[in-house]
Amino acid sequence: MSDAKAREAICEICASIFNRGLTAGSSGNISVRFEGGWLMTPTNASLGRLDPARLSQLDAAGRLIGGDPPTKESFLHRVMYEERRDTGAVVHLHSTHSVVVSCLAEIDPADVLPPITAYYVMRVGRLPLVPYFRPGDMALAEAVRGFAGKHHAVLLANHGPVVAGSSLDAAVNAIEELEETARLYLLLRGAKTSFLTPAQVKELLE
């Protein structure tokens, strides 16, 4: 994908995410890897109103080399790229249902959501909960690093999901599947529910 096409793709997907209410205000951020660095959404920018020419361009060391200053959560993206060499894009949202689930005392921090659907298992898999850190705390980067080698998706406590994918479409599809599964989980609370069995999950993963 050329630089211009990558910029347009980021802005189109961000607008779609914003218009469907998957993130609000200036929350949420997206990045795409390119040769020698990343393109990233700028700080304090609404995903619904991005200018392709003003996207942040960072080199491989995370230094700004073009565009507006990057999101202050850029370190989350950098950790995913460093720990997962096949990552082509990273998406972080403050999506409502995922954030709600991240605040529940009852969830299993080793695997937050149960296997409700086959698509969740295939696109997300196991979802660990990263302990709470204040926004911008660099200790959060190291906490995420501890999970990123084994998990392409994590849920930040009282914050929201971070998902890495082989491409922008893959990362977006996975985080949307995660959000929908969080919504289903909340709808099913208190009901007698049949989740996928361990054998069914194993078959999907294989």
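**View 1. Arg-78 and Glu-82 pair up within helix H2 (74-83).** The two residues are four apart in this helix, so about one helical turn separates them. Helices (H or I, at least four residues) and strands (E, at least two) are DSSP runs, numbered from the N terminus. The side chains of Arg-78 and Glu-82 meet in a salt bridge, 2.9 Å from N to O. A salt bridge here is a side-chain nitrogen of Lys or Arg within 4 Å of a carboxyl oxygen of Asp or Glu. Arg-78 is partly exposed at 34% relative accessibility. Glu-82 is partly exposed at 26%. Buried means under 20% relative accessible area, exposed over 50%, and partly exposed in between (1.4 Å probe, protein chains only). The model is predicted: local features need pLDDT of at least 70, side-chain atom pairs count only at pLDDT 80 or more, and totals for chains, interfaces and linings use all residues. Residues are numbered from 1 along each chain as its sequence is written, and side-chain values use heavy atoms, with hydrogens and water left out.

**View 2. Salt bridges link five residues in a network.** The members are Arg-78, Glu-82, Glu-83, Glu-142 and Arg-145. Glu-142 bridges to Arg-145, with the closest N and O atoms 3.2 Å apart. Both lie in helix H5 (residues 139-148), three residues apart, about one turn of the helix. Glu-142 is partly exposed at 48% relative accessible area. Arg-145, at 25%, is also partly exposed. The count of salt bridges comes to 13.

**View 3. Asp-68 and Arg-54 bridge two loops.** Their closest N and O atoms are 2.9 Å apart. Asp-68 sits in the loop between strand E4 (64-66) and helix H2. Arg-54 belongs to the loop between E2 and E3. The pair, 14 residues apart, links distant parts of the chain. Asp-68 is partly exposed at 23% relative accessibility, and Arg-54 is partly exposed at 48%.

**View 4. Ser-31 is buried in strand E1.** Its relative accessibility is 0%. A polar contact of 2.8 Å joins the side chains of Ser-31 and Tyr-81. Such a contact is a pair of N or O atoms within 3.5 Å; within protein, one must be able to donate a hydrogen and the other to accept it, and residues adjacent in sequence count only if both atoms are side-chain atoms.

**View 5. The largest nonpolar core holds 40 residues.** A nonpolar core is a set of buried Ala, Val, Leu, Ile, Met, Phe, Trp, Tyr and Cys residues joined through side-chain atoms within 4.5 Å. Ile-10, Ile-30 and Leu-168 are among the members that touch the most others. Helix H6 (168-188) is one of the elements supplying at least two residues. H6 gives the most, with eight. Another core, of 19 residues, lies apart and includes Val-79 and Leu-156.

**View 6. Leu-186 lies in helix H6.** Leu-186 is partly exposed at 22% relative accessibility. Beyond its neighbours within four places in sequence, Leu-186 is in contact (heavy atoms within 4.5 Å) with His-97, Val-100, Val-101 and Leu-104.

View 7. Most residues other than glycine have a negative phi. Asn-44 lies in the loop between strand E2 (37-40) and strand E3 (56-59) and is exposed at 62% relative accessible area. Asn-158 sits in the loop between strand E7 (153-156) and strand E8 (160-165) and is partly exposed at 46%.
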